[in-house]
Amino acid sequence: MVAEVVTAVLTTMSGDLSATETTLLGEVAALGRTIAAAKQEIAALRVDDIMDRDIPFATDELDAIVQHTAVATHAILESCEMLDQAATTVTGDLAATLQDAVTKIYEACSFQDITGQRITKVVTTLKAIEAKVSQIVTTFGVPAEPRETSAAAPAPEGLLNGPQLPSNAMDQSDIDKLLASFG
Amino acid sequence: MAIDKSMNVLIVDDYKTMLRIIRNLLKQIEFSNVEEASDGAEALSKLRTGNFGLVISDWNMAPMTGLQLLQEVRADAKLKNVPFIMITAESKTENVVAAKQAGVSNYIVKPFNAETLKGKIEMVLGHA
């Protein structure tokens, strides 16, 4: 748009402009073309996909990691508490060895808290990126280009998409039922 | 000075896993009267109605953080002398300084081991 206006001005006024003014208007025209190209590139990025699909997908996956590790950690702790109790029924070196091993498991289980906090930070960062992308789109007023690919991001050839989120996943009994349905 | 291990200890953390780990570690060093709170507000309520000889609190909690809990404890005439150990993943200098200025008795950085917990408790209760 800017480039077109400048070109029109240059065409009608070329005889009345100094060399400096012509150069300046040429620079403005080039700037206009750069902005137009940037808008096209942003549209090609499919920013609505980033906001509507990619970032929510990533945050859901991270939430699922926290949930799975929490469940696993509680199972480990439960077994550990049983060992702790069993350690009180023996004496001597065995008791000390058991106690030491149990203590080390308790200590190691604190990983769940640390990883949970780190993942929360990553989720916060992703949400900040989402907000910035949204701001850029609003500022440029870029319409999205037509979608060319399927909605789901394809997995690399030969690979599965990894574990599903619990809300989308089938458990073993669902799988067994499905297999049984084939007769 | 011998430490009275029958005292009531309040542990505060919004992660159930950490509460469970700390409780078990305390049990191993023979502290058996351990109560739990999942945030600062619940902890303050328990502290005001109970009789605790030690508080071990996480920092990152909502709506009341461990630092705010510490400030409330130190501003309370009945609680101001209760030993208070902060356990947190935040090991930045400014965090440690803020906790010290608020009157923390000692500070443990996650991840920690049983030996560190035991050592800090002995240090804090030895000076109480």
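**Reading a predicted two-chain model**

Analyst: B:Tyr107 is partly exposed, because 18 other C-beta atoms lie within 10 Å. A residue is buried with 20 or more other C-beta atoms within 10 Å of its own, exposed with 12 or fewer, and partly exposed in between; C-beta atoms are placed from the backbone. This is a predicted model: local features need pLDDT of at least 70, side-chain atom pairs count only at pLDDT 80 or more, and totals for chains, interfaces and linings use all residues. Residues are numbered from 1 along each chain as its sequence is written, while chains are lettered from A and ligands numbered from 1 in the order in which they are written.

User: Which residues is B:Tyr107 in contact with, leaving aside its neighbours within four places in sequence?

Analyst: Two residues are in contact if their C-beta atoms, placed from the backbone, lie within 7 Å. For B:Tyr107 the partners are B:Met86, B:Val96 and B:Ala99. As for B:Ser57, 50 residues apart from B:Tyr107 along the chain, the two C-alpha atoms are separated by 9.6 Å.

User: In which strand is B:Tyr107 found?

Analyst: Helices (H or I, at least four residues) and strands (E, at least two) are DSSP runs, numbered from the N terminus. B:Tyr107 belongs to strand β5 of chain B.

User: In what sense do β4 and β5 of chain B pair?

Analyst: Two strands pair if DSSP finds at least two bridges between them. Here β4(B) (residues 84-88) and β5(B) (residues 106-109) pair in the parallel sense, over four bridges. B:Ile87 has B:Ile108 in β5(B) as its bridge partner.

User: Which helix makes a β-α-β unit with these strands, and of what hand?

Analyst: A crossover is right-handed if, with the strands pointing away from the viewer, the path from the first strand over the helix to the second runs clockwise. Helix α4 of chain B (residues 93-101) makes such a right-handed unit with β4(B) and β5(B).

User: Where in chain B is confidence lowest, and where highest?

Analyst: pLDDT is the predictor's confidence in each residue, from 0 to 100. In chain B the lowest mean, 89, is in α4(B), and the highest, 98, is in strand β1(B) (residues 9-12). The complex has an ipTM of 0.79 and a pTM of 0.71 from the predictor.

User: How many residues of each chain are in contact across the two chains?

Analyst: 14 residues of chain B are in contact with 18 residues of chain A. On the chain B side, helix α1(B) (residues 16-28) gives the largest share, seven residues.

User: How many helices and strands does chain A have?

Analyst: Chain A has six helices and zero strands. Buried residues are 7% of its 183 residues.
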